Amino acid sequence: MTKLTFYSGLKEIGGTVVGVETDKAICLFDFGFSYADRIDNKVSLRKGNEAYDYVKLGILNAIDGIYEPDIAHKLEIKGYGELDKEVFVIISHMHIDHMGGLGALDQKLPVYMSRESATLYHELGVMGELEIREHENIIPVDYDVSFSVGDITVTCVQVDHDVIGACGFMINTPDGSICYTGDYRYHGYHPDISAAFAQKCKGADVMISEGVTISHGDVDVLSLMGPVRENTELTLLDKMKDFASNEEGLIVINNYNRNVERIHNFVKVIGESGRKLVLSPQQADYLAAFYGEDKVYVYLPEGGSVDAPRISNYPIVTRKDILDNPSAYVLQQDYKDSFELFELSDAISIYLHMDGAPLGDYDPSYEKFYKLLEVAGINVVRCGLGGHAEPFYLRKQVDEIAPKTLIPLHSFRPEQLLSKNAGRIILPNQGDTIILKDSQCLVQNKSWCWVCD
């Protein structure tokens, strides 16, 4: 039989970790941080003890067979190599709530991800944007290609999300098939990719689905007749073109820097307006890893050079260059570089906050950030899109796949994801284990599940 254990990320947005265990192997997905409000960055991590501290805080989980033995024993669990089964991890995409904990794992533990995710993951390490350390045993996988560990077979199936390399998985064991959506959307550049995911996973015995957009407020997903969104990546591209053509001064954009495809598409429309797109070294490096042909500039306020091989020869734009001719540039700035805005404020025509940090008012930094913009006298426009499917598409995806069992998670209100095409809906609690046998899920506690006829 196959055991599905739900460690975290069930009734919250972040920290999804699910285990699939068979007679011969254990597969875990994903391995991001669960953001318990128990610590802040003013408290230093203890080098070599990061995994232990994060587990004690509840940000990571105490799971046998994944941590370095000395840390595991301190946590009173078994370390990597101490189980009689092969253990491996699969990662759906490069957002911190799905992959942030990778640096805590034993370096020999196999971690599989899409080939594009593996490229981005390495570049995050090059640019110093990984937590703890870069994991050494990363195994890239092509889309629609299967691999097996023991008696578990996994197929990496691409989805469209606001980070390059995103995918879900089809997981097959001797007892049935499990579809995991990862995070996905239909308002991006490739809604056809998300639609194709549903067709490739059609008829899965178990579907484990994200539900971010049904987290706030009451949503009757069964009554929805269509999406309500007007803004998409394509409409944002049009807005960027208009701003670049019509604003008189400097345009600053705050884009989530792992959304590389958006920047790639901006390159053309900004260039056509006669402006130069100027990126932080991190954003320039991530762009170069996938779109090396794009012509962009790197922002170094005081000049100098960049210590990153992919962009070491990129032309540099300084603060003086921008102040001398602000209408010639669009400048991408990360939140962490916000104090630079004080030097540029007189030249800034508009600041476009488009999915970069801080992401929303739930983030303690959000109010402080907008206060900084107010103090600096900067005109700000919020034009973020988010990366998650609307409630209509969440239901549509389930309708298309028509699983025997639906398990919604990664949402504050997962119980709102319903479908008449799902045979049963199970809402596990943290730490619960469900048995998959003969393509059916077996549960003892009937308070877990809703049956949709």
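A nonpolar surface patch of about 350 Å² is formed by F339, F342 and V375. Such patches are made of residues with over 30% relative accessible area and no salt bridge, with like charges joined within 9 Å and nonpolar side chains (Val, Leu, Ile, Met, Phe, Trp, Tyr) within 5 Å. Accessible areas come from the Shrake-Rupley method with a 1.4 Å probe, and for residues only the protein chains shown count as cover. The model is a predicted one, in which local features need pLDDT of at least 70 and side-chain atom pairs count only at pLDDT 80 or more, while totals for chains, interfaces and linings use all residues. Residues are numbered from 1 along each chain as its sequence is written, and side-chain values use heavy atoms, with hydrogens and water left out.

Helices (H or I, at least four residues) and strands (E, at least two) are DSSP runs, numbered from the N terminus. V375 has a relative accessible area of 58% and is therefore exposed; the cut-offs are under 20% for buried and over 50% for exposed, with partly exposed in between (1.4 Å probe, protein chains only).

Turning to charged side chains, the structure holds 21 salt bridges, each defined as a side-chain nitrogen of Lys or Arg within 4 Å of a carboxyl oxygen of Asp or Glu. Side chains of opposite charge can pair when their charged atoms come close. One of these bridges joins E68 to R133, with 3.0 Å between the closest N and O atoms. This pair links distant parts of the chain, 65 residues apart: E68 sits in the loop between α1 (50-57) and α2 (69-74), and R133 in the loop between α4 (115-126) and β6 (138-141). E68 is partly exposed at 25% relative accessibility, and R133 is partly exposed at 28%.

A salt bridge also connects the side chains of R319 and E340, at 2.8 Å from N to O. Here too, distant parts of the chain are linked, with R319 in helix α9 (residues 319-324) and E340 in helix α10 (residues 340-344), 21 residues apart. R319 is buried, at a relative accessible area of 18%, and E340 is buried at 12% relative accessibility.

Helix α9 also holds K320 and D324, which lie 4 residues apart, about one turn of the helix. Their salt bridge has its closest N and O atoms 2.8 Å apart, and both K320 and D324 are exposed. Elsewhere, salt bridges with shared partners join D160, R185, E233, R262 and D355 into one network.
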